[in-house]
Amino acid sequence: MAHKALDTYLNDHLGGAMLGSNLAEQIRHRSEGTTLGNVMATIAPEIEEDRETLIDLMEQLGTAKNPVKQVTAWMAEKASRVKFGGGSSGEPAFGLFMALETLTLGVEGKLAMWKALKRIADEHRPLAAANLDDLIARAESQHDALENERLTTSGRALGPNATTPTADTG
């Protein structure tokens, strides 16, 4: 029973990791030549490496990828291109802010996962062999950098000179 819970947990995080990796790459691409673009040039590949690390750990643990969760993550990523591109609000600055906020929260979730896996590492050889301390430190660094960029972007998206976005149901 406990392994089934771990399988479900890892698959949930893999879906989030797929969305996060794609979202990080979207932000990097949209922000080339800016300070944010430089930050994302470092963070986007790290987020992809973390996703690959998660896949490797899942394989070592014998956890199969859940195809339904993979398709759901793929569909969410496609929808995010419209929402975070400013298509739903008409405001690219607001879309970028929301993309950064979503990615920041996703990295916080990844950090929580690495910490939870560290707590049970003694019970699972592949987890004990993983350098979870490094993964935790990298997630903390990613979160700090993204939070700084999110707060910087918030002024352009939400400040008094920002255009109010239209009502959005999603």
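So, which residues have the most contacts inside the largest nonpolar core? They're Leu10, Leu54, Trp114, Leu117, Leu127 and Leu132, in a core of 19 residues. By nonpolar core I mean a set of buried Ala, Val, Leu, Ile, Met, Phe, Trp, Tyr and Cys residues joined through side-chain atoms within 4.5 Å. Buried is under 20% relative accessible area, exposed is over 50%, and partly exposed is in between, with a 1.4 Å probe and protein chains only.

Quick word on what you're looking at. This is a predicted model, where local features need pLDDT of at least 70 and side-chain atom pairs count only at pLDDT 80 or more, while totals for chains, interfaces and linings use all residues. Residues are numbered from 1 along each chain as its sequence is written, and side-chain values use heavy atoms, with hydrogens and water left out.

Now the overall picture. The protein chain has 6 helices and 0 strands; helices are DSSP runs (H or I, at least four residues) and strands are too (E, at least two), numbered from the N terminus. Of the 170 residues in the chain, 39% are buried.

Helix H1 (2-30), helix H2 (35-61), H4 and H6 each give two or more residues to the 19-residue core, and the largest share, 5 residues, comes from H2. Take Leu54: leaving aside residues up to four places away in sequence, Leu54 touches Leu10, His13, Leu14, Ala17, Met113 and Trp114. Contact here means heavy atoms within 4.5 Å. There's also a second, separate core of 14 residues, with Leu36, Met40, Ala99 and Leu146 among them.

How do H2 and H4 pack? Their axes are 12 Å apart, at an angle of about 40 degrees. Axes are lines fitted to C-alpha atoms, for helices over the stretch in contact, and angles run from 0 to 180 degrees between N-to-C directions. On the H2 side, the residues that meet H4 include Leu36, Met40 and Leu54; on the H4 side, Met113 and Trp114 are among them.

Last pair: H4 (residues 92-119) and H6 (residues 132-158). Their axes come within 8 Å and cross at roughly 160 degrees.
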